[in-house]
Amino acid sequence: MQLKTVVPAVVALGLSGCGYFGGDEKQQLEQAWLAKDEQLQQVIEQIRSQGIDAVAKGAAAGSVAACVAGKLEMDPLGELVNVEGALVESAKIAELMSELEGLLEQDFSLENMSSLLQKGADAAAYAKQIIADQGIEKGLAHIEQMATASEEFASQDLGAHFQQLLSECQQQ
């Protein structure tokens, strides 16, 4: 593994654990949106604690959980729902994918870290999730696949994309 990708990832993970990448406002907005549908809120909490695959396998056919997990499994960006605040994320999908690729490819320096703190905090939260799930090298390859697969809705906000996707499952 290359040191130039490991160091920024470790620093970003450490800073996010210290609250530097706090998305409190987004988390509150997301909770307010989820509070409108208790079933959907429970499913998202389940997915975040158990994973999409586990929820999909354990959900009763025809249930809101089965619908949500199925839609997220089929969606190229579905795993990003694991990041709190993703359901109200205002970043354009294409821009977010570009930032994620940049975060995982860049060399570590104080200037890069400063830039990351200023403009890349949201992307760092998603990168942290992908790195935790897949590691750096597989994560970068996966981000490239997600960017390619999501081209049809690249100009859409991530939150709007998720809200549209999940609203199809609300109170069936």
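Mentor: Let us begin with handedness: a crossing is called left-handed if the near helix is turned anticlockwise from the far one by less than a right angle, and right-handed if it is turned clockwise. This is a predicted model, in which local features need pLDDT of at least 70 and side-chain atom pairs count only at pLDDT 80 or more, while totals for chains, interfaces and linings use all residues. Residues are numbered from 1 along each chain as its sequence is written, and side-chain values use heavy atoms, with hydrogens and water left out.

Trainee: How many helices and strands are in the chain?

Mentor: Helices (H or I, at least four residues) and strands (E, at least two) are DSSP runs, numbered from the N terminus. Here the chain has 10 helices and zero strands. Contact means heavy atoms within 4.5 Å, and among contacts between residues at least 6 apart in sequence, 78% join residues at least 24 apart.

Trainee: At what angle do the axes of H6 and H9 cross?

Mentor: Two packed helices are described by the angle between their axes and the distance between the axes. Axes are lines fitted to C-alpha atoms, for helices over the stretch in contact, and angles run from 0 to 180 degrees between N-to-C directions. The axes of H6 (residues 93–105) and H9 (residues 136–149) come within 10 Å and cross at roughly 160 degrees. That angle makes H6 roughly antiparallel to H9, since angles over 145 degrees count as roughly antiparallel, under 35 as roughly parallel, 65 to 115 as roughly perpendicular and the rest as oblique. The crossing of H6 and H9 is left-handed. On the H6 side the contact is made by Met97, Leu100, Glu101, Leu104 and Glu105, and on the H9 side by Gly139, Leu140, Ile143, Glu144, Met146 and Ala147. Sorted by class, this contact of H6 with H9 has seven nonpolar, one polar and three charged residues, where Ala, Val, Leu, Ile, Met, Phe, Trp, Tyr, Cys and Pro count as nonpolar, Asp, Glu, Lys and Arg as charged, and the others, Gly among them, as polar.

Trainee: How do the axes of H2 and H3 cross?

Mentor: The axes of H2 (residues 24–34) and H3 (residues 38–50) come within 8 Å and cross at roughly 130 degrees, which makes H2 oblique to H3. H2 contributes Glu30, Gln31, Trp33 and Leu34, and H3 contributes Glu38, Leu40, Gln41, Ile44 and Arg48. The contact of H2 with H3 divides into four nonpolar, two polar and three charged residues.

Trainee: Where is Asn82 found, and what is it in contact with?

Mentor: Asn82 is found in the loop between H5 (64–74) and H6, and it is buried, with a relative accessible area of 17%. A polar atom of its side chain lies 3.1 Å from the backbone oxygen of Glu79. Leaving aside neighbours within four places in sequence, Asn82 is in contact with Ile47, Arg48, Gln129 and Asp133. Asn82 and Gln129 are 47 residues apart in sequence and 7.4 Å apart in space, C-alpha to C-alpha.

Notes. Buried < 20%, exposed > 50% of the residue type's maximum accessible area, 1.4 Å probe, protein only. Polar contact = N/O pair within 3.5 Å; in protein donor to acceptor, adjacent residues only side chain to side chain.
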